[in-house]
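Trainee: I want to check the labels on this model one at a time. For each, please give me the value and the rule behind it.

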Amino acid sequence: MSGQLVLRTSEPSPRPVRRSVRRSGRLRGAALGVALATVLVPSLGACGGGSAAASPDGTLKWASSYFPGHWDPVVSGSGAQFRQLALVYASLTRVNEKGEAVPDLAESWDYNAQGDQVTFHLRPGLTFSDGEPVDGAAVKAAVERAKKQKNSALFGDLTSIESVEAKGLDAIVHLTQVDYQIPQLLGERVLQIASPKAAEAPEKLDQNPVGAGPFTVTRLIPGTKAVLTKNPDYWDAKNIHIDKVELTSAPDASTVVSGLRTGVYNFADIDPSQAESAKKAGLDVFVQPGFNASNISLNVNKAPFKDDRVVDAVRHAVNREEFVDKLTFGYGEVTDQPFPKGYVAYDPESENRYPYDPAKSEKLLAQAGYRPGDIALDLVIPAEDPAAEIVQSQLAKVGITVTIKIDKNWATPFFAKDLTFSLYGTTGRDSALQTLTAHFGPDGPLNLSSPYEPDGFEDAVAEVRQTPLDDPRYASVLQAATRAGLESGALVFTYSSPNLFAKSGSVSDLPKNPTHINWTGVTVSGGN
């Protein structure tokens, strides 16, 4: 990936998002389930059409652009590498195909009457791969480590948790406020649980992961390759039909398809530019549903964005279709929100509130006292990124001069809120409210304008927390919070990039769990 990050302070160290420029043309609750169902994208390739040789021993050979730099889930955070770490680590909950929180290590949970305490009941008889028990004490240790470990990337995600009390197989989570989002939050995006014993030495855990997930690591070459075997003690081992996983750091995007075709790999995340050649090679190409959203980040605490008219001018200068056409080869979608259309948090009332209108943009700049060429901005990014060139070109058309500056240490000034103008993108969260607070909250890591937050957002967030996910009002309350957040002048959303994968016919179809890759029920020819 090259350019924009899928990173924040609760995500892994900066890793650019791969993009290729196209040179031509273009929860719990019924509401959540029904809404998200419209987002799930069907397979784009012919099922079973792959020409690669079947793996004779049931081995998944996965070439990944997100090979983990850290295997300690507290350090890796909730960024894009969570999919790979989920091979090793399980969580209290996970999401189903509707995006609802369902049991994982916890077989059930319940809230107290006040809504400020939730008890997770863990499955009996489970152990980590080092033999340590999976119990309330392990959950307590995981939360405390995520909140206190010096290099934790997760502490900002757990502000609603005051403490955890362990009672045998129960983990009693005491909250700082009423918050019904906790089961949605404590899934594999935020709380992948490691063995407490192994985590006593975090630096060792980081390269020798010990979890209670579906696989265990038997060999690890840092940054290059990991070999994993099926964990017979995983709670749902009977539904894991893959015997072995070879996870390899993907080489250049142009070689991945040939590797899939020849059987070097049988599964890979691919660049949109490779989709057509993958389909022509007889591979199954499919989009895994997700919550990816890219944005232009503005600092409204700095000139010229202190003036609302300049912010609105940028909003109207953005042609989102150009991003989709040139960067995603038609696989992405335009978006002006941090959620895809059809998702329960997407607010129809806010759709296309700032349509592409360069004439209006020029008028707003003139009203703010700026002539063409008066505004000169540095667009600071971590690596070369064609999205930056699109922004540069579109703003030039309304008289704003943009100079692209590459800073490999971009993350430091971005998260310190020292930049004026930048680009960002995230993979979203299982908890829609967490996505909102990360972008629009006063302490939101993705809010370049911290501590700024739009009027009414705090109250809207509080109402979401106080609304159970199965409450009939949940969807409307959540959408109202999205609407309040979008009053922010700090972010201009542009497009959603796809989670695009290719596989050989030897690998069966995957469940369409949004954002996640779930290996339950998946088979590789030659396996069990």
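Mentor: Start with Lys244. Lys244 is found in strand β12 (residues 244-249). Strands are DSSP runs of E with at least two residues; helices are runs of H or I with at least four; both are numbered from the N terminus.

Trainee: What should I know about the model itself?

Mentor: This is a predicted model: local features need pLDDT of at least 70, side-chain atom pairs count only at pLDDT 80 or more, and totals for chains, interfaces and linings use all residues. Residues are numbered from 1 along each chain as its sequence is written, and side-chain values use heavy atoms, with hydrogens and water left out.

Trainee: How confident is the predictor, going by the mean pLDDT of the chain?

Mentor: pLDDT is its confidence in each residue, from 0 to 100. The chain has a mean pLDDT of 88, and 88% of its residues reach 70 or more. Over residues 1-56, though, the pLDDT is below 50. That stretch still has 216 contacts in the model beyond near neighbours in sequence. A contact is heavy atoms within 4.5 Å.

Trainee: Back to Lys244. Is Lys244 buried, exposed or partly exposed, and why?

Mentor: Its relative accessible area is 26%. Buried is under 20%, exposed is over 50%, and partly exposed lies in between (1.4 Å probe, protein chains only). Lys244 falls in between, so Lys244 is partly exposed. The C-alpha atoms of Lys244 and Lys61 are separated by 8.6 Å, although these residues are 183 apart along the chain.

Trainee: Why is Asp284 called buried?

Mentor: Asp284 lies in strand β14 (residues 284-288). Its relative accessibility is 1%, so Asp284 counts as buried.

Trainee: What makes the pair Asp284 and Lys503 a polar contact?

Mentor: The two side chains come to 2.8 Å. A polar contact is a pair of N or O atoms within 3.5 Å; within protein, one must be able to donate a hydrogen and the other to accept it, and residues adjacent in sequence count only if both atoms are side-chain atoms. The distance is inside the limit, so the pair qualifies.

Trainee: What makes α14 mostly covered?

Mentor: Eight of its nine residues are buried. Among them are Leu433, Leu436, His439 and Phe440. The cover includes α5 (182-185), β15 (293-298), β19 (421-426) and α16 (474-485).

Trainee: How many residues of α10 are buried?

Mentor: Six of eight, in residues 320-327. They include Phe323, Val324 and Leu327. The buried residues of α10 pack against β16 (333-334), α12 (386-396), β20 and β21 (495-496).

Trainee: How do you know that Asn319 caps α10?

Mentor: A side-chain oxygen of Asn319 lies 3.3 Å from the backbone nitrogen of Glu321, at the N-terminal end of α10. Phe329 follows α10 and has a positive phi, near 55°.

Trainee: What is omega for the cis bond from Ser450 to Pro451?

Mentor: Omega is near 10°. Pro451 lies in the loop between α14 and α15.

Trainee: What makes a space a pocket, and what a cavity?

Mentor: Rolling a probe the size of a water molecule over the atoms shows where empty space is left. On a 1 Å grid over the protein atoms alone, a cavity is a set of points where a 1.4 Å probe fits but cannot get out; a pocket is an open set with protein on both sides within 12 Å along at least five of seven lines; lining residues have an atom within 4 Å of a point. Grid points are joined across faces, edges and corners, and a volume is the space filled by probe spheres set on the points.

Trainee: What is the volume of the largest pocket?

Mentor: About 720 Å³. It is lined by 33 residues, and those closest to its centre are Gly156, Thr159, Thr437, Asp443 and Arg465. α15 gives the largest share of the lining, six residues.

Trainee: And which residues lie nearest the centre of the second largest cavity?

Mentor: Ala86, Arg94, Glu188, Ile517 and Asn518, out of 19 lining residues. The volume of this cavity is about 220 Å³.
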